[in-house]
Amino acid sequence: KDKYLLSISQFHHYYKKLLKTDKIVSSLSKTEFVEIISNLESLSLINLSNNNNNNTNVTKYCSRHISSAVNSKELAKLSDEIPFLKKILYNNDKLDL
């Protein structure tokens, strides 16, 4: 079974924290970030948990949890080619959520 670690909101918060220390990419708004997450799910690169709570649509969507749908060896190889992806995946900093 997939292990879902972060909600979309938590992952966005983590992404914003990394941007403060690394200016490799420009900042995305939460809406843009959610759109990218949705596209990654559509491409079957990530899995999103189902969410059955009664929050509003946006809140409900952002509280869904993310897991990778990509083989971990393939992801490691790809992250070697994309430094910011490697930083997101393997950052040793505490995740202050």
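## Strand pairing

Ser7 stands opposite His65, a residue of strand 3. Strand 1 (residues 6-7) and strand 3 (residues 65-68) run antiparallel and are joined by two bridges. Strands here are DSSP runs of E with at least two residues, helices are runs of H or I with at least four residues, and both are numbered from the N terminus. Two strands pair if DSSP finds at least two bridges between them.

Strand 3 also pairs with strand 2, in the antiparallel sense and over three bridges. Leu48 stands opposite Ile66 of strand 3.

## Basis of the description

This is a predicted model, in which local features need pLDDT of at least 70 and side-chain atom pairs count only at pLDDT 80 or more, while totals for chains, interfaces and linings use all residues. Residues are numbered from 1 along each chain as its sequence is written, and side-chain values use heavy atoms, with hydrogens and water left out.

## Aromatic residues

Rings of Phe, Tyr and Trp (its six-membered ring) pair if their centres lie within 6.5 Å; planes under 30 degrees apart count as stacked, over 60 as edge-to-face and the rest as tilted. By this rule there are two aromatic pairs. In one of them, Phe11 and Phe33 are tilted, with 5.4 Å from centre to centre and 55° between the planes. This pair links distant parts of the chain, since Phe11 belongs to helix 1 (residues 8-21) and Phe33 to helix 2 (residues 30-42), 22 residues apart. Phe11, Tyr15 and Phe33 form one aromatic cluster.

Buried means under 20% relative accessible area, exposed over 50%, and partly exposed in between (1.4 Å probe, protein chains only).

## The nonpolar core

A nonpolar core is a set of buried Ala, Val, Leu, Ile, Met, Phe, Trp, Tyr and Cys residues joined through side-chain atoms within 4.5 Å. The largest such core has 16 residues, and those with the most contacts inside it are Ile8, Phe11, Ile37 and Ile66. Two or more residues each come from helix 1, helix 2, strand 2 (46-48) and helix 5 (83-90). Helix 1 gives the most, with six residues.

Apart from neighbours within four places in sequence, Phe11 is in contact with Leu6, Phe33, Ile37, Ile66 and Ile88. Contact means heavy atoms within 4.5 Å.

## Lys16

Lys16 lies in helix 1 and is partly exposed, with a relative accessible area of 32%. Not counting residues up to four places away in sequence, Lys16 touches Ser27 and Leu28. The C-alpha atoms of Lys16 and Ser27 are separated by 7.3 Å, and the two residues are 11 residues apart along the chain.
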